[in-house]
Amino acid sequence: MKAFSMNSSVLILAILVLTYTLHIEAQQCHPSGRIRGTNPPPDQCNQENDSDCCKNGRYYTTYKCSPPVSSSTKATLTLNSFQKGGDGGAPSECDNQYHSDDTPVVALSTGWYSNGNRCLNYINIHGNGKSVKAMVVDECDSTMGCDSDHDYQPPCPNNIVDASKAVWKALGVPESDWGEMNIYWSDA
């Protein structure tokens with residue numbers, strides 16, 4: 001009876017581990033394709049915040065998904081201007097408006113943007129030992145790029161929270177360190 005009980009326990013444990021592993025694998029976000037870059041026309045790629053411009057012949061990975069959202073979703077914070085004339089390009093997707101760099105607003109990678117379901121909702125951003133609440137106003141497109149609609153910039157990676165200067169200030173990051181930073185975020 002003890003041998004049967006031990007074998008059953010090992011079998012159940014193996015099934016649980018396998019199920020957990022498959023569940024984790026099912027939540028992974030894999031690339032959905034790639035696009036070929038072209039050089040932007042003269043003065044058509046705004047590099048205000050050290051933004052990258054597409055390069056002719058280079059391939060850029062695209063995503064239709066982002067990692068799963070949790071109470072502390074790991075992400076990369078990047079810097080973006082949502083003002084008219086800023087490196088964000090067009091007005092924000094959620095409200096067709098420009099937003100001051102002094103307002104804590106963000107764009108989320110395509111999967112997290114969730115077809116606009118997070119539009120005008122707030123998220124909490126944790127980084128540099130501080131937190132800030134910011135409103136989602138735009139998508140950081142992970143599916144397309146290298147065209148006029150995307151300011152001739154490559155597609156966003158799938159784990160980006162693209163934030164205004166106000167977010168960086170609120171997190172207490174020295175201006176010389178603005179650009180990219182590991183953070184955690186959650187829905188507010």
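These legends accompany several close-up views of a predicted model. Local features need pLDDT of at least 70 and side-chain atom pairs count only at pLDDT 80 or more, while totals for chains, interfaces and linings use all residues. Residues are numbered from 1 along each chain as its sequence is written, and side-chain values use heavy atoms, with hydrogens and water left out.

**View 1. Strands E1 and E2 run antiparallel.** Let's start with strand E1 (residues 33-36), which is joined to E2 by four bridges in an antiparallel arrangement. Strands here are DSSP runs (E) of at least two residues, helices are DSSP runs (H or I) of at least four, and both are numbered from the N terminus. Two strands pair if DSSP finds at least two bridges between them. Across this pairing, Ile35 stands opposite Tyr60 in E2. Strand E2 (residues 59-62) has Tyr60 and Thr62 on its covered face, with Tyr59 and Thr61 on the uncovered one. In a regular strand, side chains alternate between the two faces of the sheet.

View 2. Tyr59 belongs to strand E2, and the charged end of Arg34 sits over the Tyr59 ring, 4.1 Å from its centre. A charge sits over a ring if NZ of Lys or CZ of Arg is within 6 Å of the ring centre and within 35 degrees of the ring normal. Tyr59 is partly exposed, at 41% relative accessibility; buried means under 20% relative accessible area, exposed over 50%, and partly exposed in between (1.4 Å probe, protein chains only). Not counting residues up to four places away in sequence, Tyr59 touches Arg34, Ile35 and Arg36, where contact means heavy atoms within 4.5 Å. The C-alpha atoms of Tyr59 and Gly37 are 6.0 Å apart, although 22 residues separate them along the chain.

**View 3. Lys133 lies over Tyr122.** Here is another charge over a ring: Lys133 is placed over the face of Tyr122, at 5.8 Å from the ring centre.

View 4. Follow the strands in the order E3-E7-E4-E6-E5-E8 and you trace a closed barrel with mixed pairing. From one strand to the next, the twist averages 45°, with axes being lines fitted to C-alpha atoms (for helices, over the stretch in contact) and angles running from 0 to 180 degrees between N-to-C directions. Strand E3 (residues 73-79) pairs with strand E7 (residues 160-163) in the parallel sense over four bridges, and Thr76 stands opposite Ile160 in E7.

**View 5. Thr110 meets Glu139.** Thr110 is found in helix H2 (residues 110-113) and is buried, with a relative accessible area of 13%. Its side chain makes a polar contact of 2.7 Å with that of Glu139. A polar contact is a pair of N or O atoms within 3.5 Å; within protein, one must be able to donate a hydrogen and the other to accept it, and residues adjacent in sequence count only if both atoms are side-chain atoms. Beyond its neighbours within four places in sequence, Thr110 has contacts including Tyr63, Lys64, Cys140 and Asp141.

**View 6. Two aromatic pairs turn up in a search of the whole structure.** Rings of Phe, Tyr and Trp (its six-membered ring) pair if their centres lie within 6.5 Å; planes under 30 degrees apart count as stacked, over 60 as edge-to-face and the rest as tilted. Trp112 and Trp185 are edge-to-face, 5.3 Å centre to centre with 65° between the planes. This pair links helix H2 to strand E8 (residues 180-187), 73 residues apart, and both Trp112 and Trp185 are buried. Trp168 and Trp178 form a tilted pair, 6.5 Å centre to centre with 45° between the planes. Trp168 lies in helix H3 (residues 165-170) and Trp178 in the loop between H3 and E8, so the pair ties together parts that are ten residues apart in sequence.
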